[in-house]
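Please keep the sequence and the structure at hand while reading.

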Amino acid sequence: ELQTNTTYYGRVNSIINSSSSPWTTKITSATLADIPVTVVSTWSAVQYTSFTISWDKNTNPDAVTKYEVQIGTVNGLGSGTILSSVTYNLSGTFTGLKTDTTYYAQVKTINHYEIPTGWLPLGSTKTVQAGMPTNLVFSTGSASVLAAVWNAPVPPGETYTLQVSSAFDFSYDLHESNVSGQTTQITGLQANTTYYGRVNSIINSSSSPWTAKITSATLAGIPA
């Protein structure tokens, strides 16, 4: 009985009256690989933009068996953007992912002659949602400007978006500022007007929920 996913060499000779011919030149081939199997903890180290996926080798030999693992945001991975990694380990780590996003995974084995097995579905997981900033306040203001400051979440956002509007539900008169720090100001506002503000954090183009809105008013203008 031959071993799974193992390279073998072959040769043959002929025998007449118990006398053998020379051996032929050897040839080589490999047995097929076995499809991987799942483990108890498929997903680990699930973070905001990364995670690790694990599987078991089944009957494939250690260290010399190649695996391809794929992830995507569409169940079945039949469409959308597919990320792929080839490894000789029994796990693969993906980084640079979107926060608060469900990812699906599958893995297959590839034998020594690049012949793959079928795919083994590995289920799904969801990356951690980016944290909201805290302690948002309007710090200073004038007749046409409101400045805001907030505290960064953990981990901090790569950027932050501050929205200010005279509409309670931010449905119109919307002013927006996108910055990398924890303070910014909105200009071009109307004098003596009540405004509402909210801010979110953004990691790898994925946004956290908005903070609870705060309110303030621009200063009144001097009469003409």
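Aspartate 62 is exposed in this predicted model, because its relative accessible area of 51% is over the 50% cut-off. Its salt-bridge partner is lysine 57, and the closest N and O atoms of the two side chains are 3.1 Å apart. Lysine 57 itself is partly exposed, with a relative accessible area of 25%.

**Salt bridges**

- A search of the whole structure finds four salt bridges, and the pair of lysine 57 and aspartate 62 is one of them.
- Lysine 66 forms a salt bridge with glutamate 114, in which the closest N and O atoms are 2.7 Å apart.
- Because lysine 66 lies in strand β7 (residues 66-72) whereas glutamate 114 lies in the loop between β10 and β11, this pair ties together parts that are 48 residues apart in sequence.
- Lysine 66 counts as buried, since its relative accessibility of 15% is under the 20% cut-off.
- Lysine 126 forms a salt bridge with aspartate 100, with the closest N and O atoms 3.4 Å apart.
- This pair also links distant parts of the chain, given that lysine 126 belongs to strand β11 and aspartate 100 to the loop between β9 (91-94) and β10, 26 residues apart.
- Both residues of this pair are partly exposed, lysine 126 with a relative accessible area of 46% and aspartate 100 at 30% relative accessibility.

**Surroundings of serine 201**

- Serine 201 lies in strand β17, which covers residues 194-203, and with a relative accessible area of 1% this serine is buried.
- A polar atom of the serine 201 side chain lies 2.6 Å from the backbone oxygen of glycine 131.
- When residues up to four places away in sequence are not counted, serine 201 touches Ala130, Gly131, Pro133, Pro153, Gly157, Thr159 and Tyr160, as well as the serines Ser206, Ser207 and Ser208.

**A nonpolar patch on the surface**

- Leu32, Tyr113 and Ile115 form a nonpolar patch on the surface, and together they have about 290 Å² of accessible area.
- Of these residues, isoleucine 115 is found in the loop between β10 (102-110) and β11 (120-126), and this isoleucine is partly exposed, with a relative accessible area of 39%.
- The loop between β10 and β11 also holds glutamate 114, the salt-bridge partner of lysine 66.

**Overall fold and dimensions**

- The protein has 19 strands and zero helices.
- Its radius of gyration is 30 Å, whereas the globule rule gives 17 Å for 224 residues, so the protein is more spread out than a compact globule.
- Taken along the principal axes, the box filled by the C-alpha atoms is roughly 125 × 30 × 25 Å.
- Of the 224 residues in the protein, 37% are buried, serine 201 and lysine 66 being among the buried residues.

Methods:
Residues are numbered from 1 along each chain as its sequence is written. This is a predicted model: local features need pLDDT of at least 70, side-chain atom pairs count only at pLDDT 80 or more; totals for chains, interfaces and linings use all residues. Side-chain values use heavy atoms; hydrogens and water are left out. Patches are made of residues with over 30% relative accessible area and no salt bridge: like charges are joined within 9 Å, nonpolar side chains (Val, Leu, Ile, Met, Phe, Trp, Tyr) within 5 Å. Accessible areas come from the Shrake-Rupley method with a 1.4 Å probe; for residues, only the protein chains shown count as cover. Helices (H or I, at least four residues) and strands (E, at least two) are DSSP runs, numbered from the N terminus. Buried means under 20% relative accessible area, exposed over 50%, partly exposed in between (1.4 Å probe, protein chains only). A polar contact is a pair of N or O atoms within 3.5 Å; within protein, one must be able to donate a hydrogen and the other to accept it, and residues adjacent in sequence count only if both atoms are side-chain atoms. Contact means heavy atoms within 4.5 Å. The radius of gyration is taken over C-alpha atoms; the globule rule is 2.2 Å times the number of residues to the power 0.38.
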